[in-house]
Amino acid sequence: MRALLDDTYLQGYASVGAIVVVGLLLATAMLGVNRLLRPQVASRDKRTTYESGVDPVGEGWAQSTVRYYVYAFLYVIFAVDAVFLFPWALVLEQIGHAAAVEMGVFVGVLAIGLAYAWRKGVLSWT
């Protein structure tokens, strides 16, 4: 009885393992075929950087302001907020009032971060 239980228990892992192995073999085969069939003619034009059809001018170093990183960071924060809020809203009745309080704390922390960014003038485009 115990051996039968162990066999059926391990069959699930064997299936997942087989899928992972087949996936790795398929990816390796595709990359190998690509390497064999691609043209391998090296030229100076292929090694230059490509900037939207414009020939590169100057060096590859350019400074950008920190403000753009802050905008990207704020976007990520609110995207994560949306990822948590939408599924939570669908099951709110099932998970109870404690979950509503926890989500209020989560949104409150995000609101404090937004207020801080607003007060520092990060959100103005001037």
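User: How many helices and strands are there in the protein chain?

Analyst: In this predicted model, the protein chain contains five helices and zero strands. Read along the sequence, the pattern is accordingly written α-α-α-α-α.

User: What share of the residues of the protein chain counts as buried, and what is the accessible surface made of?

Analyst: The protein chain has 126 residues, of which 7% count as buried. Its accessible surface comes to about 11600 Å², and carbon and sulfur atoms account for 69% of that area.

User: Why are H3 and H5 called roughly antiparallel to each other?

Analyst: Helix H3 spans residues 66-90, and helix H5 spans residues 97-119. The two pack at an angle of about 165°. Angles over 145 degrees count as roughly antiparallel, and H3 and H5 therefore fall under that term.

User: How far apart are the axes of H3 and H5, and is their crossing left-handed or right-handed?

Analyst: The axes of H3 and H5 lie 12 Å apart, and the crossing of the two helices is left-handed.

User: What makes Leu74 count as buried?

Analyst: Leu74, a residue of helix H3, has a relative accessibility of 11%.

User: Why is Leu85 called partly exposed and not buried?

Analyst: Leu85 is also placed in helix H3, with a relative accessible area of 24%. Buried requires a value under 20% and exposed a value over 50%; the 24% of Leu85 lies in between, and the residue is therefore partly exposed. Between the C-alpha atoms of Leu85 and Met103 the separation is 8.0 Å, the two residues being 18 apart along the chain.

User: How do you know that Phe84 counts as partly exposed?

Analyst: Phe84 is located in helix H3, and its relative accessibility is 46%. Because exposed means over 50% and buried means under 20%, the 46% of Phe84 places this residue in the partly exposed class.

User: Which residues form the nonpolar patch on the surface, and what makes Phe84 accessible enough to belong to a patch?

Analyst: The nonpolar patch is formed by Tyr75, Val76, Val80 and Phe84, which together have about 420 Å² of accessible area. Patch residues need over 30% relative accessible area; Phe84, at 46%, therefore passes that cut-off.

Technical notes: Residues are numbered from 1 along each chain as its sequence is written. This is a predicted model: local features need pLDDT of at least 70, side-chain atom pairs count only at pLDDT 80 or more; totals for chains, interfaces and linings use all residues. Side-chain values use heavy atoms; hydrogens and water are left out. Patches are made of residues with over 30% relative accessible area and no salt bridge: like charges are joined within 9 Å, nonpolar side chains (Val, Leu, Ile, Met, Phe, Trp, Tyr) within 5 Å. Accessible areas come from the Shrake-Rupley method with a 1.4 Å probe; for residues, only the protein chains shown count as cover. A salt bridge is a side-chain nitrogen of Lys or Arg within 4 Å of a carboxyl oxygen of Asp or Glu. Helices (H or I, at least four residues) and strands (E, at least two) are DSSP runs, numbered from the N terminus. Buried means under 20% relative accessible area, exposed over 50%, partly exposed in between (1.4 Å probe, protein chains only). Axes are lines fitted to C-alpha atoms, for helices over the stretch in contact, and angles run from 0 to 180 degrees between N-to-C directions. Angles under 35 degrees count as roughly parallel, over 145 as roughly antiparallel, 65 to 115 as roughly perpendicular and the rest as oblique. A crossing is left-handed if the near helix is turned anticlockwise from the far one by less than a right angle, and right-handed if clockwise.
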